[in-house]
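The following exercises concern a single protein chain. Please work through each task before reading its solution.

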Amino acid sequence: MAADGSNKRELPFGRPMIGIEERNAVLDVLDGPILVHGERVAAFEREFAAYTGATRAVAVSSCTAALHLVLMALGVGPGDEVVVPAQTHVATAHAAEFLGARAVFADVDPRTGSLDPAGLERAIGPRCRAIMVVHFMGLPGDMPAIRAIADRRGIPMIEDCALSIGGRIAGIHTGLHGIAGCFSFYPVKHMTTAEGGMVITNDPALADKISKLRAFGVDRTHGERVVPGQYDVSMLGFNYRMNEIEAALGREQIKRLPDILAQRRRNWRRLNAALAGVTGIEVIRTEEAGKDSGYYALSVVLADALEARRIDIITHLRDAGIGTSIYYPTPVPFMSYYREKYGPAETEFPHARKISRASITLPVGPHLSENDMAFIGATFAGALERILP
Ligand SMILES: *Cc1c(COP(=O)(O)O)cnc(C)c1O
């Protein structure tokens with residue numbers, strides 16, 4: 001019960017898990033003179049590589065920066081095509097477009113929301129230079145099938161792992177099934193550095209190149225310079241570095257990750273059980289035998305007859321204090337920038353359109369308890385009961 005006596009709770013969609021350890025770590029940075037080019041970023045990279053099992057990790061300023069740098073390092077440029085799932089964050093497609101390449105969209109599997117191998121096959125043309133995979137809701141996608149397609153054509157595959165920390169297939173973490181994986185530490189993701197991202201790869205040459213590209217294309221890191229100013233610029237690079245404050249946060253957050261993931265799994269399963277008897281909905285598949293999932297959220301897809309009432313359900317949940325989200329509200333090819341540039345037919349990408357039009361994404365984050373999950377499930381079921389004839 002809330003303070004006003006109503007049956008209302010405060011259950012936001014996401015809330016970063018910031019404790020005394022994070023506060024102290026940030027203050028520790030501020031007590032010293034080094035805000036950038038320090039030991040904390042290097043340590044965070046080693047820790048993230050160890051957690052995922054990658055040989056190398058390169059910390060950057062966001063997942064968007066990570067995606068951009070990987071495609072740039074692979075030499076993607078004007079005239080090239082990059083296949084991107086239609087159901088994703090715009091960043092996945094923007095990364096290709098930044099480089100003058102064309103994002104060519106492919107539809108997703110309606111059960112998982114991740115890239116459909118058949119859709120991928122159809123989207124690959126002669127100019128295709130890279131394939132982007134997104135592990136929707138944290139469940140690793142159909143990597144064996146997608147890898148087979150990519151390998152047969154000799155096209156590098158890049159994983160956008162913004163939703164899939166903790167996702168593994170046969171023990172291999174997402175991001176290591178292709179050439180590189182990109183992670184986000186934006187506040188609503190599994191762990192946060194406020195803003196931040198990471199590239200992981202088992203290709204040391206690629207990691208070296210990305211390290212240079214994130215810092216102006218300078219050929220020598222700060223630590224490698226014997227005297228100040230002793231460096232050359234060998235390529236066109238950005239300022240996409242992570243700073244020491246962000247890395248200090250990340251180092252504390254990664255320690256919490258096993259607990260965060262365990263609580264997400266418990267919460268997802270509890271909510272899924274609470275929704276099991278509810279008719280007129282389909283839960284996006286978020287766990288599968290042989291795979292570890294990141295359990296990013298629980299996404300419910302409404303049956304066609306209920307679609308028009310989505311806003312009523314969201315409002316009902318909001319009135320009970322339950323925060324929701326929509327992943328993602330418009331398939332990327334139908335966002336104005338892409339729609340005006342490429343003019344997709346309204347009938348294209350039917351599965352991505354259905355998910356955008358009919359889904360409600362429910363929270364399972366570690367700020368919530370299993371009891372909260374029971375409440376969310378019951379409130380959701382109650383909303384449908386009121387709506388259904
Ligand atoms: C959040 C997200 C991004 C963007 O991450 P930033 O760190 O904010 O740049 C990219 N891809 C996917 C799939 C995301 O969910």
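**Exercise 1.** Leaving aside neighbours within four places in sequence, with which residues is leucine 71 in contact?

Solution. The model examined here is predicted. Once the neighbours within four places in sequence are set aside, the contacts of leucine 71 are Val76, Val82, Ala95, Ala96, Leu99, Ala130, Met132 and Ile158.

**Exercise 2.** Determine the strand order of the open three-stranded sheet and identify its edges.

Solution. The order is 7-6-11, with antiparallel pairing. Strand 7 (172–173) and strand 11 (291–292) each have a single partner strand, so one side of each lacks a neighbour in the sheet and both stand at the edges. Turning to one pairing, strand 6 (residues 168–169) is joined to strand 7 by two bridges. Across this pair, arginine 168 stands opposite histidine 173 of strand 7.

**Exercise 3.** Is proline 126 buried or exposed?

Solution. First, locate the residue: proline 126 is in the loop between helix 5 (117–123) and strand 4 (128–134). Second, apply the cut-off: exposed means over 50% relative accessible area. Proline 126 has 89% relative accessibility and therefore counts as exposed. Finally, the C-alpha atoms of proline 126 and alanine 305 are separated by 41 Å, the two residues being 179 residues apart along the chain.

Methods: Residues numbered from 1 in each chain as written. Predicted model: local features only at pLDDT ≥ 70, side-chain atom pairs only at ≥ 80, totals over all residues. Heavy atoms only, no water. Helix = DSSP H or I, 4+ residues; strand = E, 2+ residues; numbered from the N terminus. Buried < 20%, exposed > 50% of the residue type's maximum accessible area, 1.4 Å probe, protein only. Pairing = 2+ DSSP bridges. Contact = heavy atoms within 4.5 Å.
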